[in-house]
Amino acid sequence: MSPARLPAELALPGEIVEILRRLEEAGYETWCVGGALRDRLLGEADLDVDLATAARPEDVRRLFRRTVAVGEKHGTVGVLDRHRVLHEVTTFRKDVVTDGRHAVVEFGVSLEEDLARRDFTINALAYHPIRREWRDPFGGLADLLERRVVRAVGDPARRFAEDYLRILRMIRFAARLGFEIDPATWEEARAGAAGLPDLSAERVRQEWFKGLATTRSIRRLVTLWREVGAAAIWLAELADASPFADDAPAVRDPVVLTAGLCRDPALVLGRLRASNEEVARAQAMSAGPPEPAGEGEAGDAAAVRRWLAAAGGAADDLLLLARYRRGVAPPWADAVAEIRRRGEATSRKQLALTGDDLAAAGVQPGPEMGRLLERLLDAVLTDPARNTREGLLELVRSWR
């Protein structure tokens, strides 16, 4: 592509340049690589910059006093800068054995061979900040800045066979960047989807969550998962994404989004080996009422208090889900904030008396006490002013 489209100098952290300079002064060719270059060229700077070098892991450990073992069998050493921030330095490598999930790598190769093992052309870039020089052997700069396309490096069938997770990464990049997918790359991804069941659930969950967190369009992400064949394998319960009014909500919670997108989200998250806490949140959202009944949506405080009582710990997740679906905060959000600000009771533990108070009033522990506490909560949900110890005891006496 035309050099005129490239910035004269790519702004990189000084600590990265210092590490690169030290490696090169010791005689080891070193380049900045990875997704951070891609994102900086697109005006983003969220990712740390990785370094690829001719130095072997033992050479890196020898040159830098503070290092961390990150993945030395794959050639990666973490170097701590003077602020104790970790930067990954990886030896030039190529894959010699792959099984669709893991790879055995060989060191002692060139930068070009190292870039050739990467997944997509927009990730197969290298930049030298001292010489202000780019290496782009597969046309990634034009794919990134001109064609706006996700294209596999070299033979797409081979790239996906090396690691089938790349199919899901392809979807994530296309949905996040708003790029098209190269036709040959797409066809081989669909053909390679048969290898997706062999991936670990944890890796699939990570890609699904990352996709939800970064996509420009939830609808497009869901469509691509379906069309490539990944949803049928891992997200069979995936429903229609059209109810989502806001394609780019400001707060991205993948558990809430999964609950909104999937029938039986707890089953989905269990299959993806999510944490027990995440599965429990999905179960609570499925069990809770999605919105206040009757006039609650218009701001009826009693209806909103009853909704909060029924939703329990899932209330905030359900509020967020309603925001995703509407594109704006739901009408009852302000009422929820006011109820909480006033400290009004919406659960038995917020009542002004306890089971001990009821026992002292002659109520026997057991089912009768539980029923009374529920009746008291119901009365307080209707009229919060009743939530005083004496007021509640007076109600109990009137019912017995």
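**The sheet, strand by strand**

Guide: Strands β3 and β4 (residues 76-80) pair in the antiparallel sense over 4 bridges. Here two strands pair if DSSP finds at least two bridges between them; strands are DSSP runs (E, at least two residues) and helices are DSSP runs (H or I, at least four), numbered from the N terminus. In this pair, Gly71 has Thr76 of β4 as its bridge partner.

This is a predicted model, in which local features need pLDDT of at least 70, side-chain atom pairs count only at pLDDT 80 or more, and totals for chains, interfaces and linings use all residues. Residues are numbered from 1 along each chain as its sequence is written, and side-chain values use heavy atoms, with hydrogens and water left out.

The open sheet has 7 strands with mixed pairing, in the order β3-β4-β5-β2-β1-β8-β9. Its edge strands, β3 (67-71) and β9 (133-135), each pair on one side only. From one strand to the next the twist averages 35°, with axes fitted to C-alpha atoms, for helices over the stretch in contact, and angles from 0 to 180 degrees between N-to-C directions.

Strand β2 (residues 50-53) runs antiparallel to β1 (residues 30-33), joined by 4 bridges, and Thr30 stands opposite Thr53 of β2. With β5 (residues 86-91), β2 runs parallel, joined by 3 bridges; there Ala52 stands opposite Thr90 of β5.

Helix α1 (residues 14-25) packs on the sheet, touching β1, β2, β4, β5 and β8 (126-128), where contact means heavy atoms within 4.5 Å. The direction of α1 makes about 150° with that of β1.
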